[in-house]
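Please look over the sequence and the model shown below before reading on. The report then takes up a few local features in turn.

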Amino acid sequence: MERADPVLRRHLADIKPFFALAATLTLYAHDIQEYSDIARLFDFLLAREPVVSIYLFVAIILSRKKELLEIPEDEPEMLHFTLSKLPCPLDLEGLISNAVQLFNDYPPESLPLGAWKKIPQTSVLKSTRDIFAKQAIGEAIFLFDRQVRQLRYEERKKKAVDFLWQHRRTIGTVAVTILVGALSVWMRKKGFDTTIWSYFNRFKLAFQSHDLS
């Protein structure tokens with residue numbers, strides 16, 4: 001949406017994308033009531049790579065541009081509520097057509113801010129791009145386990161980074177102290193401390209003699 005409609009994207013900048021989870025994870029069966037619509041939508045989504053379901057949600061958001069822009073940015077709860085509900089009536093064929101157009105105009109590899117690169121290779125969004133490729137159950141389980149481990153690693157890394165940032169001053173002070181101490185020990189072992197102190201004494205004597213004169 002960053003490229004398709006920057007104005008609307010900025011309007012929704014403070015809204016977390018949790019509103020799209022239920023719809024995209026259930027392929028919209030959670031929100032659509034009519035069986036014929038669900039069947040038509042499944043025909044479309046199952047014939048495309050998994051990431052298309054996200055493009056479909058973007059198409060839904062873009063179709064509600066006027067409605068969303070009428071809601072002030074300082075009312076994030078109302079924006080989130082509106083985004084979490086599918087429009088009624090649902091122009092399914094129009095949305096499908098727009099989703100395909102969005103996918104063709106802005107394929108995943110072209111998304112800004114390196115969004116596609118940040119998605120792990122083990123994600124279903126990448127590991128099943130070829131809908132005609134056969135994939136054994138064992139391979140799917142293997143990829144799933146790898147992605148779970150990677151997500152846990154990313155979570156631990158984020159916690160570590162947050163901890164370091166929160167205590168950056170204390171850690172910085174300790175690091176500088178250790179560095180100075182290590183440098184002092186190294187200089188003493190190399191005998192540099194004697195040389196430095198001799199220069200220091202020379203400067204001291206020079207200043208003293210200058211003051212006496």
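## Basis of the model

This is a predicted model, in which local features need pLDDT of at least 70 and side-chain atom pairs count only at pLDDT 80 or more, whereas totals for chains, interfaces and linings use all residues. Residues are numbered from 1 along each chain as its sequence is written, and side-chain values use heavy atoms, with hydrogens and water left out.

## Salt bridges

Side chains of opposite charge can pair when their charged atoms come close. A salt bridge here is a side-chain nitrogen of Lys or Arg within 4 Å of a carboxyl oxygen of Asp or Glu, and by this rule the count comes to nine. One of them joins the side chains of R9 and E2, with 3.6 Å from N to O. In terms of relative accessible area (buried is under 20%, exposed is over 50% and partly exposed is in between, with a 1.4 Å probe and protein chains only), R9 is partly exposed at 30%, and E2 is likewise partly exposed at 37%.

A salt bridge also pairs D5 with K65, whose closest N and O atoms are 3.0 Å apart. D5 is buried, with a relative accessible area of 11%, while K65 is partly exposed at 29%.

In the salt bridge between R129 and E109, the closest N and O atoms are 2.4 Å apart. R129 lies in the loop between α8 (124-127) and α9 (137-166) and E109 in the loop between α7 (92-105) and α8, so the pair connects parts that are 20 residues apart in sequence. R129 is partly exposed, with a relative accessible area of 25%, and a network of salt bridges links E49, E109 and R129.

## Backbone geometry in the loops

The peptide bond from C88 to P89 is cis, with omega near 5 degrees, and P89 has its place in the loop between α6 (76-83) and α7.

Positive phi values occur at L27 and Y28, neither of which is a glycine. For L27, in the loop between α2 (21-25) and α3 (35-46), phi is about 55 degrees, and for Y28, which is placed in the loop between α2 and α3, phi is near 70 degrees. L27 counts as partly exposed at 23% relative accessibility, whereas Y28 counts as buried at 1%.

## Helix α4

How far apart are the end C-alpha atoms of helix α4 (residues 52-63)? They are 16 Å apart, which agrees with the 16 Å that its twelve residues should span at 1.5 Å a residue, the expected span being 1.5 Å times one less than the number of residues.

Helix α4 is mostly covered, since nine of its twelve residues are buried: V52, S53, Y55, L56, F57, V58, A59, I60 and I61. These buried residues pack against α1, α2, α3, α5, α6 and α7, where contact means heavy atoms within 4.5 Å.

Methods: Helices (H or I, at least four residues) and strands (E, at least two) are DSSP runs, numbered from the N terminus.
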